[in-house]
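Please brief me on this protein model.

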Amino acid sequence: MLSRTLRRLAALTLLAAPAAAQPAPDTLAVPAYWKTRAERSAYRQTADYDETMRFCRALEAASTWVKVESYGRSGQGRDLPLVILSKDRAFTPEQALALGKPIVLIQNGIHSGEIEGKDASLALMRDMVVTRTREALLDEVVLLVLPIFSVDAHERRSRYNRINQNGPEEMGWRATPIGLNLNRDYVKAEAPEMRAMLSRVYTRWWPHLLVDNHTTNGADYRHDVTYSFNHGPTSPDPVTRWLVDAFEGRVVSRLAAIGHLPAPYLDFVTTNDPRSGIKFEGTSPRFSSGYTSLQCRASVLVETHVLKPYASRVRATYDLLVALLEEINARPAALRSAVSEAESDVVARGRNADQALRTVDLTSRLTSRSEPFPYRGVATRYEFSAVLGTTVPRYGTAPWDTLIPLFRELEPEITVRQPVGYFVPQEWTAATERLAIHSVRTRRFTRAWSDTVEQERIVSWKTRPLFEGHVPDSVIQVELVRRQRTFRPGDLWVPLDQRSALVAVHLFESQAPDGLFHWNAFDTVLQKKEYAEPYVMEPIARQMLRDDPALAREFEARLRSDPALAKSPDLRLAFFYDRSRWADPEYSLIPIARALRRPPEDVLAP
């Protein structure tokens, strides 16, 4: 299927030219008072938050198919807007899910400097419910639109927020006022905007598809719209098949047929050098496309290009949304079935008694296999810069058409055995809060219960550079230990025979790329709290060596193999203290326990 798609795309792009920098379809016939700020200003400007909200409220007043809601408040106190479009007036999650139609969520302005998704969505909603030129797109779909996600960043408007972006004249900022990048926050869920969206939109409406609109930087080329989606071992197979068949196979081809130059997201093996090939990788769940996979759902990342005129970027986004909604309306059952099958597969794995069939791939990596991709670039010179001490690309305007390698075959990288479930002590509120935000089903213990469980012991780890307000932890070596644990009333049982099982796995496994360990939630277990004075420990150490010949041999071997231990009295002392009866049994143990069996019903709340 993939090769067939690429061959079709190559044939279409040989004849295609980038879509002209002109208004979205049908705009010329739109009355002036229904034009967006972008349309009225010939795409020099984009509306601020207040004008955007007035436009959305006007749509609501004009059509019984539209409802505007606030799903929460931003850090600076602004309403977070959600626009619901439904011909059936299904304006609650319960009503929408009862319809059985696919639910599509379009997300704009998670990076509020990259805002063409907002202007494309405003025009598209108008064309659906006011001019009715696109009303058929609502026949088989319930549509949710976040016109602006990062609303506070949207209002930090400036001409100087994105150094190489070609319009609009003023644009928003990349991060929230407290410096968080919402598109790194899906699993850790720290920002109030993300917490509200996940708990009050995503896990209440359960959209089958999320479309996340962006503008990318990077090398210059003639491709005017690029895309990405999670795939490979970390993505549910049924969802991946739908993305390859429906989106890549038909939507992308449709874009090419009408004059766009679509491409997979152009992330080059060597930065800004297309000759090195394209990396089409799996996605970490800190991003939208990686997170939706954990919830058994599809997501498409849309990236127009920063150097293209703003009108062209809005047009490309508008056309992609139209082509995508046309595909879903034509085959609504295909998307619903892909999600339903993915959910069933995850639930079945959680109920399977065979441990060999309960494995989860946490991360993936590209193989060396590639296939040719028809790249539509521009002539480029690479000149040495005395200022930077390296070569810098100088982009021209002449076309440069060639075939470059596309790397997209993925294999598992880190795989873990999924337990029956997890036990979460109630005092670890970072864990209990995330379970609630992500709508992971839990049950509380009503009385004490003990059992043998597994826990991860962090043998060695490293701390990465400052990122998103954290100094993330990365596991080097981890081991599973079995211990008898007692769980108290109020502690949580997290079964894994549920739709959101993979969210729990990624939260609690220490090797997960965006788990709670990675984001420092368990750092306190990595710090020793008690210690021994040398005058106390030294006699005990001599006694331990006399009583335990195996320990004596281990100590002598370590002295020969570990120069740091041999030279350090403190490390020698720690060697014996850590093996003594005074050592902290909780040190370096992840507090979330892996269940070997389900707890009995009579110790759990209904």
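Where does P168 lie? P168 sits in the loop between α6 (151-154) and α7 (192-205). A cis peptide bond joins G167 and P168, with omega about 0°. This is a predicted model: local features need pLDDT of at least 70, side-chain atom pairs count only at pLDDT 80 or more, and totals for chains, interfaces and linings use all residues. Residues are numbered from 1 along each chain as its sequence is written, and side-chain values use heavy atoms, with hydrogens and water left out.

**Overall build**

- The chain has 17 helices and 20 strands. Both are DSSP runs numbered from the N terminus: helices are H or I with at least four residues, strands are E with at least two.
- Along its principal axes, the C-alpha trace spans about 95 × 65 × 45 Å.
- Of the 606 residues, 56% are buried. Buried means under 20% relative accessible area, exposed over 50%, and partly exposed in between (1.4 Å probe, protein chains only).
- Among contacts between residues at least 6 apart in sequence, 79% join residues at least 24 apart. Contact means heavy atoms within 4.5 Å.

**Helix pair α8 and α11**

- The axes of α8 (residues 237-257) and α11 (residues 332-351) come within 7 Å and cross at roughly 160°. Axes are lines fitted to C-alpha atoms, for helices over the stretch in contact, and angles run from 0 to 180 degrees between N-to-C directions.
- The two helices, α8 and α11, are therefore roughly antiparallel. Angles over 145 degrees count as roughly antiparallel, under 35 as roughly parallel, 65 to 115 as roughly perpendicular and the rest as oblique.
- From α8, P238, V239, R241 and W242 meet A334, L335, A338, E341, A342 and D345 of α11.

- Most residues other than glycine have a negative phi, and most peptide bonds are trans.
- Y43 is not a glycine, yet its phi is positive, about 65°. Y43 falls in the loop between α2 (37-40) and α3 (49-62). Y43 is buried, at 9% relative accessible area.
- E468 also has a positive phi, near 50°. E468 is in the loop between β17 (449-463) and β18 (473-487). E468 is buried, at 15% relative accessible area.
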